[in-house]
Every structure is written in structure tokens, then in C-alpha cells.
Amino acid sequence: MRPAAAARHVWTASLAAATSLFGVRAPAAQTTGTLDVGVSTVRYDGFLPSGAGSLTPALTWERPGTAVTARGTYLRFESGRRSLQGLVAASLLTPPSLLPHRWRGELSLSAGGSSYADFASFWHATGEARLHFVAGGRGAWIGVTGGRTSYGRAARPVAIAGVGVWARRSLMTVAMSATRSMVGDTAYSDLGSTIHASWGRFGLDASLAARLSSRGAGHGVHGEASTTFTLGQRTALFISGGRYPTDPVSGSVAGRYASAGLRLRTAPLPRPRAIRHPQPFMRRSPANGDGGAGFTARLEVQPVPDGTVRVVVRAPAAATVEVAGDFTDWQPVTLRRTGEDRWESVLHIPSGVHRVNVRIDGGRWTAPAGTARAEDEFGGEVGIVAVP
Amino acid sequence: MTPAFTRTALALLAAMLAAGRAAAQETDSRLERLDAATRPTVAALVDSARTAMLPTEPLVQRALEGATKRASGDVIVAAVRRLAVDLGHARDALGSTASPAELAAGAAALRAGASQTILAELRHARREPLTVPLAVLADLVASGVPVDSAAAAVLGLAARARDADLVEFRRAVERDIALGAPPAAATAAAAMAADVQVNAGARQQRPGRP
């Protein structure tokens, strides 16, 4: 298949798959599609700056240990010329039992093509094997990549060796990597770092990289950043920009750009909405039979260094708050008020899984927010909380 | 007094002390909170569990929970009986060395819909105590995550994740569900994030460059 045709087919498949999912809740709840519609200004090295409109469909299928993504980009420049890119990538982690404790293998495949104005076409197909060492929220990997890439003539071999480390802290993940790549006669080394973070409606991805000891692939420092802002369940705004290097494997030419646009998703976007424990408090109408003030509360358990556990309940407008659970022999314990809407007590609760209920103003026992709710076999609900 | 007589007397004394201790356990004073008609039945169930070498504390707690919630005697007895059966199944799956806390968590997972096979696989995959992984599994299912997806995620993490990591993983799933993500997708994403920072190409979500 000619490269341009391959790129068109991948792009078309991505678009068809993504659009077919709109309006349909992902059936297995593990497949998501996105469609980015945006405008960009881009200046490829050696060319004049140009404006462009872009359409980027993507489809991702995920389950623990496996991810497959198909993605395409259609660009139409001010000049009327167009560019098509398509990529299919898959990652498969080895089963936990295959390697020793804390080690895991990963095999990933990537195939794609691109064409510009019907006169420049690329394709590539690569496979990568990585060995991961994972320790809590940190990890390291070492990997090798092999494959072929072509720029309109005979394919060239691709060989890449790399190492990387990463660490995750709360809502932020930081990664660093070093690679040495050889694509035909071209050879270069990249040192790079990335950060991914999210705060509520904001998501941030940024990267900073340096290309060193390059033969035929350019030198320099490059950086990119993109941020998304969630608008609704299925929509988000994005802004991205930066400078990126030539990629001899995929065929992209070095350039700098700024883009903005709208992202549409098949599955709901993260956006606060009341479905389970969305807010610190869920107000119920007295008609729901809560009794008392008609409130449920939010419970937090905070292990204290001395081995005890601080039980905190946030309950607005409550006059009395009691907890009962298997750690109190189901005897009600009255909490003391320590702040506006805040009630607490320090209890001896062993590590493990516990059943707990909260009672506000002498009403009925309820499963507090902040716990998993389950039927209690007595006609009500019980909260289940794990104390580490 | 011959040495043999002394040994026999000491053995009898030890047996009497053990019997006394067992008698004290049989008459758990906390069960006084049950009504007179319910108490003997629950006590008999607790005794049976003890004889079968099952943990009895969860059964007592379940009865006390029912009493606090003013459930009828029949309902309390049924709940305690059901839990005793679940504890037995959990032990079958987790093995005789499982701790009482593990058995209680295993019973909760079974009640949530997990199979004994899943529990046995967890036992095989993790050297550390299974209490928290089992709790997370039950938790996920209670949150609407399909059992298969929840089990796959927990099994994937159980071999290497610390208890605190599993709790954080659970929180991440809960947070995403609360924010609108489908339960299974939230679980898959959180499991992947909690486990390995995999090859970015297959999971890239950032807006592409032109």
C-alpha cells in the first residue's frame, strides 16, 4: 500500500470509529473516543508561518494492562494544502505472575503514516519491549525498539535504546528518559522530561527535551505544553503550543506551533456532578426518611501516628453526630464538635475493613459519604471503609 | 506423688482452664443486647463457627449491628448465618492460614459478587495480607464496577502495590466515578496509572501537535 493511501486509511478508520461512538455510551465502558477540532499557527523549520485548521479523531480501548489507540489528524493550511497523519499504537503489559515481584514487561507496537500535499509521504512500523521495575508510586524502565520507517523510498531500519524513570505524587506524574536512536544513517540522543498533572477541571501536560550528539536530526532544546479545561460532560477546551524536534521515525519536521480548540468525547468528561459522593455533603429532603435534620454527612478516617484513628464527620447544621461501627461494638459514639460543621473523635480502629454508620440528630443510621455503600441486610445501608 | 501423676494432674488442670475460657467465650456478654429469643440462636451459630475454626468476631459484630439498627430477631439470625457461610467459603478459597481479618474481607468480597476463584488467585498473587485488596475489590463492586473488571484491576495491582497504594487507587476510582466516568473505565484508568507508567504512545491523551 502506498504511504499516502495508508495514512488516509488509518485516518479514515479513526474518524469513523470515533464518530460512530458519539451519542452512544461506550458499551464495555472501556472504550473512549475523542474528536479535537482546532486552529493552529505553525512554522516548520525552513518554511514560512501558516495558519491551519485541524481535525483529530482518536479512539482508545483500555483495560488493566492493555491499551490500544488509533489516532488521526487532518490539517488544512491557509494555502489550501492539506496534511494527513494516522497512527495506531498498542501496549500490552505482561501478567503479574510472569516476572518476579516488582518487575513487569511491556510490549508495544506502533504503526502510522503521514502525507503532505500529495508529494511527501512517510510510514513507520515499530515494536518496543520494555522492562519495568515498579516500587509504590515510582518506577524505572529500560527498553529497546526496532522497526522500519520510510520516506517515499526504500525503508530504513529503526533501532532505539532507552531508559527512563518516573514518579507519581497525588495528581502529578513526572517522568524522565534518555534514548539513543538510529534511523538508517541518522543517529541522535534525546534527554527528556514530562509532567502530567490535573487539578479539578484543569489538566496539564508539559515536556522539555534536549537533542544531543545528533547526526542528521538537528540539535537543540525543545519544549511543549498543553492544557485542557473541562467545560461539560463531553467537552473541553484545549490550548497547546511549543517547539518540537524532527522525528525521523514518524517523519514529522521540526517546528513551532500554537493551537487552540475544542475536544469532544464519547464518554463523559470529568466534571463535578452529583452521582454518588460528588460533594462534601449531600442534602436529602426530609421526605427521604433521613429523619432529624435531613442531612447525610461525609466521613473521613485519618490514621494518627500513635496508632489511633481520627474519625472526622462533616455535617452541616447538625446538633449531634454519632458513629457506630464494628470498631465500637456497634455502640453509638458521640463525636465532639471541633469546628463549623466538623465533628470528630479519636478511636482505636485496627487496620482492615470496617462497617460504619452515622446518625445525625438522633435520626436513622445512614451510610456516610466518603465510604462505599452496601446493603446492610437489615433494610438499610452501611458504609464500608478500609483503614490502612 | 509420682511424676506421671503430676503430669496427668497438670494436663487436667490445663484442660479445665481451657474449658473455662471456652465457656467464657460462648457467653459473650455483648450478646446480651439481643432479645431473649434471638440470643441463643446467635450464640449457637457463633459456637458452630468456633468449632469450625472460623472467626467469630465478625458474627458477633453482625448481630450487634442488627441490634443497634433494631432489626427483628429473624433478620439478625439470617444475616449472621449468611455471614458464617460466606466466611467458610472465604476460607475454602484463601486457605486455612488466612487471618480472621482476611476471612472477613473475603466474605465481603464474595457477598459483593467475587468468585472463590478470584480470591484464590489473589492469595496466589500476593505475599502480603489480603485484607485491603479484598476490601478494595468489594468496594469497587459496590460502586458499580463489573466484577470482572474490578477483579482484573485488583489482581494486576495486588502483587506489588502497598496497602496505601491500593487505598489511593480506590480513592482515584471513586473520584473519577463521582466526576462522571463510567465505573469500569475509571477502574481501568486508575489501575494503569497506579501500576506502571507505560509507553505513552498507546495512551496519549494530550492534544496533538500540527
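This is a predicted model: local features need pLDDT of at least 70, side-chain atom pairs count only at pLDDT 80 or more; totals for chains, interfaces and linings use all residues.
Helix α2(B) itself runs over residues 39–51 and has 13 residues. From its first C-alpha to its last it reaches 18 Å, close to the 18 Å expected at 1.5 Å a residue. Just after α2(B), a positive phi of about 65° is found at B:M53.

Two loop positions of chain B were also examined. B:E32 lies in the loop between α1 (3–26) and α2 of chain B. Because the C-beta of B:E32 has 10 other C-beta atoms within 10 Å, where exposure requires 12 or fewer, B:E32 is exposed. B:E32 and B:L64 are separated by 32 residues in sequence, and their C-alpha atoms are 9.6 Å apart in space. B:R70 belongs to the loop between α3 and α4 of chain B. Its phi is near 55°, a positive value in a residue other than glycine. B:R70 is likewise exposed, with 10 other C-beta atoms within 10 Å.

Taken as a whole, chain B contains 10 helices and 0 strands, and its pattern along the sequence is α-α-α-α-α-α-α-α-α-α. Chain B comprises 210 residues, of which 54% count as buried. Among the contacts in chain B between residues at least 6 apart in sequence, 62% join residues at least 24 apart.

The largest nonpolar core has 91 residues. The residues with the most contacts inside this core are A:V313, B:V80, B:A109 and B:L137, a list that includes residues of chain A and of chain B. Helix α4(B) gives the most to the core, with 10 residues. Leaving aside neighbours within four places in sequence, B:A109 is in contact with B:A114, B:L119, B:L134, B:L137 and B:A138. A second, separate core has 6 residues, among them A:A58, A:L59, A:A70 and A:V88. In soluble globular proteins, nonpolar side chains tend to be buried together.

In chain A, an open sheet of 5 strands has the order β18-β17-β21-β23-β22, with antiparallel pairing. The edges of this sheet are formed by β18 (333–334) and β22 (372–375) of chain A; each has a single partner strand, so one side of each is left without a neighbour in the sheet. The pairing of β22(A) with strand β23 (residues 381–387) of chain A is antiparallel and extends over 4 bridges. In this pairing, A:A374 stands opposite A:V382 in β23(A). Helix α7 (residues 131–142) of chain B packs on the sheet, where it touches β21 (352–360), β22 and β23 of chain A. The direction of α7(B) makes about 145° with that of β23(A).

The loop between β21 and β22 of chain A contains A:D361. Phi of A:D361 is near 50°, which is positive although the residue is not glycine. With 17 other C-beta atoms within 10 Å, A:D361 is partly exposed.

Elsewhere in chain A, A:V39 is part of strand β1 (residues 31–44). A:V39 is partly exposed, as 13 other C-beta atoms lie within 10 Å. Not counting residues up to four places away in sequence, A:V39 touches A:G51, A:G53, A:S259, A:A260 and A:G261. A:G51 is 12 residues from A:V39 along the chain, and the C-alpha atoms of the two residues are separated by 7.4 Å.

Definitions and conventions. Residues are numbered from 1 along each chain as its sequence is written. Chains are lettered from A and ligands numbered from 1 in the order in which they are written. The expected span of a helix is 1.5 Å times one less than its number of residues. A residue is buried if 20 or more other C-beta atoms lie within 10 Å of its own, exposed if 12 or fewer, and partly exposed in between; C-beta atoms are placed from the backbone. Two strands pair if DSSP finds at least two bridges between them. Two residues are in contact if their C-beta atoms, placed from the backbone, lie within 7 Å. Axes are lines fitted to C-alpha atoms, for helices over the stretch in contact, and angles run from 0 to 180 degrees between N-to-C directions. A nonpolar core is a set of buried Ala, Val, Leu, Ile, Met, Phe, Trp, Tyr and Cys residues joined through C-beta atoms within 7 Å.
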